[in-house]
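User: I would like to go through how two chains meet. Please show me the structure.

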Number of protein chains: 2
Amino acid sequence: MTEAEILDRLNHRVRWPINHPVIHGIGDDCAIYRPRGGTEDLLLTTDLLIEGVHFLTSTHRPGDIGHKTLARGLSDIAAMSGAPRFCLLSLGLPKATTDKWIDNFYSGLLKLAASHGVVLAGGDLSRADQITCDIVCGGSVPRGKALLRSGALRGDEIYVSGALGGSALGLASNKGAAKIRHLRPEPRIALGQYLRQRLHATAAMDLSDGLSLDLARLCEASHTVAGIDRLPLFPGATPEQALHGGEDYELLFTVRPGTRVPTTFRGIPLTRIGNMLAGTIKSLKARVLLAGEPLPALGHDHFRS
Amino acid sequence: MTEAEILDRLNHRVRWPINHPVIHGIGDDCAIYRPRGGTEDLLLTTDLLIEGVHFLTSTHRPGDIGHKTLARGLSDIAAMSGAPRFCLLSLGLPKATTDKWIDNFYSGLLKLAASHGVVLAGGDLSRADQITCDIVCGGSVPRGKALLRSGALRGDEIYVSGALGGSALGLASNKGAAKIRHLRPEPRIALGQYLRQRLHATAAMDLSDGLSLDLARLCEASHTVAGIDRLPLFPGATPEQALHGGEDYELLFTVRPGTRVPTTFRGIPLTRIGNMLAGTIKSLKARVLLAGEPLPALGHDHFRS
């Protein structure tokens, strides 16, 4: 089974009591928990970062790994327009791990946490053969206001923040600005809240597995078909890296046609890459069209053989 | 560094903004998040279960592993007297894992989840060399009412639920009732709520790393010294297994002296094992005394060499 198949099967198996406080489950960037009697919804997400799968100790210093561990979770909170509040960290470490490595790992994580007012509130520790980091992030959003993947409408304009392909380029080249982008992604927290408060975005998600796959997921959740005709390339990145490369951690979002979207937000470019089409998936034969042609969803799936 | 040393260092490094909604962080069974304007507090915990560290695929069937993964998290919710609501699961799987294994793993987890009204609300999937299961559990408790490790007072009576040493015996013998206890621990959810509502327990925690270590942790959090003189032994278990063996997932709790504690709760024995002493740690030279003698905290610490 691929990741998508496992999740699809799970969605059919989870039993959901009526009036349950979890109002949104598997399939978005975060789950949503609605506290009794409160004014906010709570966003919850978890992300694995494993040695040899997501990073190598030869290229990633411990502080980079700590930063990236948390950045992945915060990016999910940003995607749903939340204000991050806390994290919990489960950490599996091989016997050979030094005290200094542990200290530097936590330094990278805690520095990013402090810059967003995020408290490390708990976690778990264990031995493991590979360095294994699982971050839980929680954030708050005004009740009923979280941005979902499923809200895009026909005719909506599709945007991305920043430039794409930088992380894939950095992974391949291991140098320059692209390397920094790969090692130290910046979660788009303030932008996520701006999308909700000022642009009244209809849908949003973060780009973690590559635009081709992530946009297809957004279209599937929204029952729409996307046509894209433009890509903001990271300097030096190829169109393939921008379309299919993972880990850019930029935001992908949609707005109603005619929405005035500024060209930048706090220095981050916002680029219109296309729009949601009027046709159906049957007539157009794909979830995403690039310059009118079906775009294969070649982004990353851990379990695809 | 041992686990305790890592956590102690972290506690000094976490920056805590004023009026932060996380009102209780590292060092208890769960963190506590207080939603704005609500009537409940949210309990959050995360627990790793790793192949070769916490289990072997030769003795644990996939359904057992799914059950135990969730049971560990639910036990933490029980320890703080919460009603479990949801879980998220991060799962790292080796390439050789079959679809059937995955299905059976989720069956074990989802069956336990459904029996407690817990919704699997999200998670993450990844490749990994070892089967790696990290469960996040969330539960609710009336605002300000969570049972903590830190509430025990001098003179309090100390109790445990169930019988101790069964899991260690099951691990060693791999047979009989002890094996079932080891493979399929039952989180004491209803008991945890009863401790708060009816017994007005002063402190509680779950027994995951062995009584000698866990009771010492409770005493440290409460600034107390415990004297114990009695142990409810699992049939066939040795006093050493009951004192130092991990993974019993029974509840350890304290009540004010004179509290009427029934001998059983829904068939689970409740046994008074001792009380919090009047002396100081300096005069008594230990956190825990067994029949008047200092008891070494030999319970499980992953990072102790």
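User: How many residues of chain A are in contact with chain B, and how many of chain B with chain A?

Analyst: This is a predicted model: local features need pLDDT of at least 70, side-chain atom pairs count only at pLDDT 80 or more, and totals for chains, interfaces and linings use all residues. Residues are numbered from 1 along each chain as its sequence is written, chains are lettered from A in the order written, and side-chain values use heavy atoms without hydrogens and water. Contact means heavy atoms within 4.5 Å. By that rule the count is 67 residues of chain A and 67 of chain B.

User: What area is buried between chain A and chain B?

Analyst: Buried area is the accessible area (1.4 Å probe) that two parts lose on being put together, summed over both. Carbon and sulfur atoms give 63% of it here. The total is about 6,000 Å².

User: Which residue does the side chain of Arg36(A) meet in a salt bridge?

Analyst: A salt bridge is a side-chain nitrogen of Lys or Arg within 4 Å of a carboxyl oxygen of Asp or Glu. The rule finds eight across the interface of chain A and chain B. For Arg36(A), the N to O distance is 3.8 Å, and the partner is Glu40(B).
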